[in-house]
Amino acid sequence: MSAALPLTSISPSTTPHRVALLGGSGLVGHALLQQLLADPDVHAVHLLLRRPLLQPITDPRLHCHLIDFAESDWHRLLAVDAVFCCLGSTIKQAGSQAAFRAIDHELVLTAATAAKAAGAGHFLVISALGADPASGVFYNRVKGEMERDLQQLGLAKLSIFRPSLLAGPRQEFRFGERLGLLLAWLLPAKWRSISATRVARAMWRASREQQEPFRIYPSDVMQKA
């Protein structure tokens, strides 16, 4: 496992000028899209979507692609400097454990494999605090298996982000998350909730700063981004 190192000062020489984003309509993905478009050094953002954005964004650098992930023609869009993968669901949203695994494991691995084949320089992905392929908790086990299998792909550069409970405006109500946010102040620092904006900022900074071929960013490190 990579050491949990602090984010360092930005090095302009490593700026990704062309990026792709999967999961841009989610909590972190939406915040990350805003972060990328606020960066003048980013020349093109390819946003891969299953459905149109609820609120269209006008920016000449943004290229929205409505795709069917069951097809393979979208793989060519990953020929970029960095691929940000914010895909993720819940068992309730997906409808079953099998459907959840298809998104949070299989689709993520498909995207990473396609990114490698397309020559992407960096793959950055959202996982979860507690991810462990040996976990007795299904959610954590799937996230851990995803991390393990990504590391075996031989990607040019890989960043894994393990946020704790995410804070931010969601379209749907999640009672468990609301309760967790209310109790967050009682938890140790690494387990406290983290804003989606801060996770997005950590991903953006890592895309510019990370020199190692592999690093894991735990929630408490992202809190400092």
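Author: Helix 1 (residues 27–37) packs against helix 6 (residues 196–209) at an angle of about 55°, and their axes lie 8 Å apart; here axes are lines fitted to C-alpha atoms, for helices over the stretch in contact, with angles running from 0 to 180 degrees between N-to-C directions. This is a predicted model, in which local features need pLDDT of at least 70 and side-chain atom pairs count only at pLDDT 80 or more, while totals for chains, interfaces and linings use all residues. Residues are numbered from 1 along each chain as its sequence is written, and side-chain values use heavy atoms, with hydrogens and water left out.

The crossing of helix 1 and helix 6 is right-handed (the near helix is turned clockwise from the far one by less than a right angle). In contact, meaning heavy atoms within 4.5 Å, Leu27, Val28, Ala31, Leu32, Gln35 and Leu36 of helix 1 meet Ala196, Thr197, Val199, Ala200, Arg201, Met203 and Trp204 of helix 6.

Turning to the sheet, seven strands form an open sheet in the order 3-2-1-4-5-6-9, with parallel pairing; two strands pair if DSSP finds at least two bridges between them, and helices (H or I, at least four residues) and strands (E, at least two) are DSSP runs numbered from the N terminus. Strand 3 (62–66) and strand 9 (214–218) stand at the edges with a single partner strand each, so one side of each is left without a neighbour in the sheet. Strand 1 (residues 18–22) pairs with strand 2 (residues 44–49) in the parallel sense over five bridges, and Leu21 stands opposite Leu47 in strand 2.
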